Amino acid sequence: MEEKINALDGVRSATITYATKQLRLDADQPEALLPEIQRICSSIESQVKVVPKQQRTAGGITKTYILENLGCANCASKMEKRIGELEGVTEATITFATKQLRVTAADPDRYLPQIREICTSIESQVEVKEKNPAPRSGQNTDSHSSDTVVEKAKKKDQLELAGIIIGAVLFVAGEVMEHMGFAEMATLPIFVIAYVILGGSVLLEAAKNISHGQVFDENFLMGIATLGAFAIHDYPEAVGVMLFYRIGEFFEHKAVERSRGQIMDAVDMRPEVVNLVSGNDVRVIPAENAMVGDVLLIRPGDRIPLDGVILDGQSRIDTSPITGEPVPVTVGVGDEITSGCVNTSGQLKIRVEKPLSESMVTRILDSVENAAASKPKIDRFITRFAKIYTPCVVFGAIAVAILPSVFTGNWHYWIYTAITFLVMSCPCALVLSVPLAFFSGIGAGSKKGILFKGGVSIEALSSVKSIVMDKTGTVTEGNFQLQKVVTAGAWTENDLLRICASCEQNSTHPIAGSIVTAAREKGLVLDKPASLEEIAGHGISAVMAEGRILCGNRKLMDRYHIEMNNVKKDSYGAEVFMAIDGKFAGYMLISDTIKSDAKSAVSRLKAQGLHTVMLTGDSEDSAKAVAKETGIDEVHAKLLPQDKLNILTQVRSKHGAVMFVGDGINDAPVLAGADVGAAMGSGADAAIEAADAVFMNSSVEAIPDSIAIARSTGRIAMQNVVFALVIKLAVMILGLLGFANMWMAVFADTGVAMLCVLNSIRILYKKR
């Protein structure tokens, strides 16, 4: 198949990976070649079906689209509801923070015309486009179109700002003339012109939306409110309120765009181009064109563009963009290198191991975007609340305008009060602030090497009461190291280490390997034993120049009747005892190394009011020693994989919601069974897949960091909701009492929305 597909016109290269059943195609118009590729494949193997790679779920295929010019969070929730109601669509999710629509259906593209019709009927300027898998910045053929989009957006902002300034000048002129005693006939034309400049686009958009059946939108409500002010001859009020509204909308829009940009800049580290080494030449090519096996040049200061292996050079790599770890790592020939990290010193040549679509930088971006689409309970509640809130306030405004006026006869006052209600009836501040807070939390986590798999994960994490951790690979490094050598005679520590390493140098046991490694690190010369016998389950008996050597466990010493008086174990780990010519010579202590940040991390968890538990299949002595060293509250040892889930259930019933942190393939069931599962980035793929959060740096400090981010995110989301509702309610009450005007109402709408946006992005700047 691969050979025939490569022979097609327009195909630069085609690679079929049998293990993953994937065809990678490099061509100008891959989709146009799909029928011909399908014909080739089915002619060779009739049952083969060629399907463009997309995310598959039980409900069908999930495809992502971009909603360009999406500007209203409340409108986005309306679009989401109507698209989700289409027959055959299993699920539809719009993420306002990323302007992305995710549709799950048997064939999502079939619904594209209906989706476009729905979106434009709610917000006329919205364009639905397929998500471009290429890097965000324009390169190659896309550069012109990308620049055009940026230029259009810039011109639109400039025109909007110019309109606001002209309207403001006319408003001030009208106010000055009115205070100078000019007649209404002189000031009215100025106020009308100012209103048309400021509110013309708002009224036009409202008319379009009404024609599509969208009545209770922000433009209509604002139009009715200000036209109502004109009707009661409050011309300056009508123009001033529209001016304040446009200013608030402009700054709210810029705040949202800025927050989007800040978050996406933190996670979107995909390269635009790479330096391809071709013989003695270096060519600059688009990053998505780099293939597995290509050699790339990376200069000092460059970001590593793709995952690969170093072929030439030595340098120090700043891994903080990926792992959050601030200490640079020294790398050299043969070392694997991860995209997104920064080359700080030497020049490197690397061999590409993964294309752009599979490299770490793309995986991180996809993870963040997918996470943003997973909405927490509070977000779903606010969306439902907004549907009730707006009609209630609108009908309340009608009641305020009519009922008191009938009894008091003061129509002017009560209509004005009702207008303030209408201005505040748009729920954008509520609908926008919650998802943006969670999206900021996801971005803040990614900056520290913590990948949350959704707002649901953050929400659950903020309410956990206990942390259950696996030992090996989570609290400890997962590698055996020689901790100390204890002598019991005339032999020095180096003598014992050299003799033992000489006996163990051909063994594949991890403990033997740690002894040999320690000896070689000290520069000790190892001898070859004259004879050697390995005694299963006991150790080694060998003959060397020093005499008959025994090295092994306590059972080996007992077998040969070696006296070991007053030998007390004062640290955890495995002991290797030694005897020379029948006399006890000393012992070595080998253990898994506790992570350097484990103690401080556990201390922080306790300060956060969390109960800590460690589970392990290791011996009880080792487990208790690690728990004592790190300060962990509770420890369970000698556990089988199924036992861990039982213990976790017990901890949950006693202390409340549980977060489990692990890294092994045997941890996957426990990760899935916990309220929140977190996997170390160095762990097994099955564990990472089952987890709700992934700690890329495999650091224990990531646990309290993730808790802190989750709690902060939850607090800020709740602050936004309470702040928006309290301000709106307060202005309504003040309006009923006669103390509020439309200016305050506009602040309660656009001003509050902008403050909620700014409050949301605070998470990005917190140190912890």
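The dialogue below takes the terms one at a time.

Modeller: This is a predicted model, in which local features need pLDDT of at least 70 and side-chain atom pairs count only at pLDDT 80 or more, while totals for chains, interfaces and linings use all residues. Residues are numbered from 1 along each chain as its sequence is written, and side-chain values use heavy atoms, with hydrogens and water left out.

Biologist: How many helices and strands does the chain have, and what makes a stretch count as one of them?

Modeller: The chain has 24 helices and 29 strands. Both are DSSP runs, numbered from the N terminus: a helix is H or I with at least four residues, and a strand is E with at least two.

Biologist: Why is Ala14 called buried?

Modeller: Buried means under 20% relative accessible area, exposed over 50%, and partly exposed in between, with a 1.4 Å probe and protein chains only. Ala14 has a relative accessible area of 4%, and is therefore buried. Ala14 belongs to strand S1, residues 11-17. Over the whole chain of 768 residues, 50% count as buried.

Biologist: Which residues does Ala14 contact, and what makes a pair a contact?

Modeller: Contact means heavy atoms within 4.5 Å. Neighbours within four places in sequence aside, Ala14 is in contact with Glu2, Ile5, Asn6, Leu23, Arg24 and Leu25. For the chain, contacts with a separation of 6 or more are 65% between residues 24 or more positions apart.

Biologist: Is Val576 buried or exposed, and how do you know?

Modeller: Val576 has 7% relative accessibility, so Val576 counts as buried. Val576 lies in strand S23. Residues up to four places away not counted, Val576 touches Cys500, Ile511, Ile515, Cys551, Gly552, Gly586, Tyr587, Met588 and Ile590.

Biologist: Why is helix H15 said to be largely enclosed?

Modeller: Of the 12 residues of H15, 9 are buried, so H15 is largely enclosed by the rest of the structure. Cys500 is one of these buried residues, and others include Leu496, Arg498 and Glu504.

Biologist: What makes the length of H15 close to the expected value?

Modeller: The expected span of a helix is 1.5 Å times one less than its number of residues. H15, residues 493-504, has 12 residues and reaches 16 Å from its first C-alpha to its last, close to the 16 Å expected. Helix H23, residues 702-737, has 36 residues and reaches 52 Å, close to the 52 Å expected. Gly738 follows H23 and has a positive phi, near 90°.

Biologist: What makes a group of residues a nonpolar core, and which members of the largest one touch the most others?

Modeller: A nonpolar core is a set of buried Ala, Val, Leu, Ile, Met, Phe, Trp, Tyr and Cys residues joined through side-chain atoms within 4.5 Å. The largest has 51 residues, and Ile467, Met659, Val661, Phe695 and Ile703 touch the most other members. H23 supplies the largest share of this core, 9 residues. Another core lies apart from it, with 44 residues, among them Phe171, Met222, Val393 and Met742.

Biologist: How are two packed helices described, and what are the values for H6 and H7?

Modeller: Two packed helices are described by the angle between their axes and the distance between the axes. Axes are lines fitted to C-alpha atoms, for helices over the stretch in contact, and angles run from 0 to 180 degrees between N-to-C directions. The axes of H6 (residues 184-211) and H7 (residues 218-231) come within 8 Å and cross at roughly 150°. The residues of their contact divide into 12 nonpolar, 4 polar and 1 charged. Here Ala, Val, Leu, Ile, Met, Phe, Trp, Tyr, Cys and Pro count as nonpolar, Asp, Glu, Lys and Arg as charged, and the others, Gly among them, as polar.

Biologist: Why is His561 called exposed?

Modeller: His561 has 68% relative accessibility, and therefore counts as exposed. His561 lies in the loop between helix H17 (554-559) and strand S23 (574-580). Its phi is near 55°, a positive value in a residue other than glycine. Most residues other than glycine have a negative phi.
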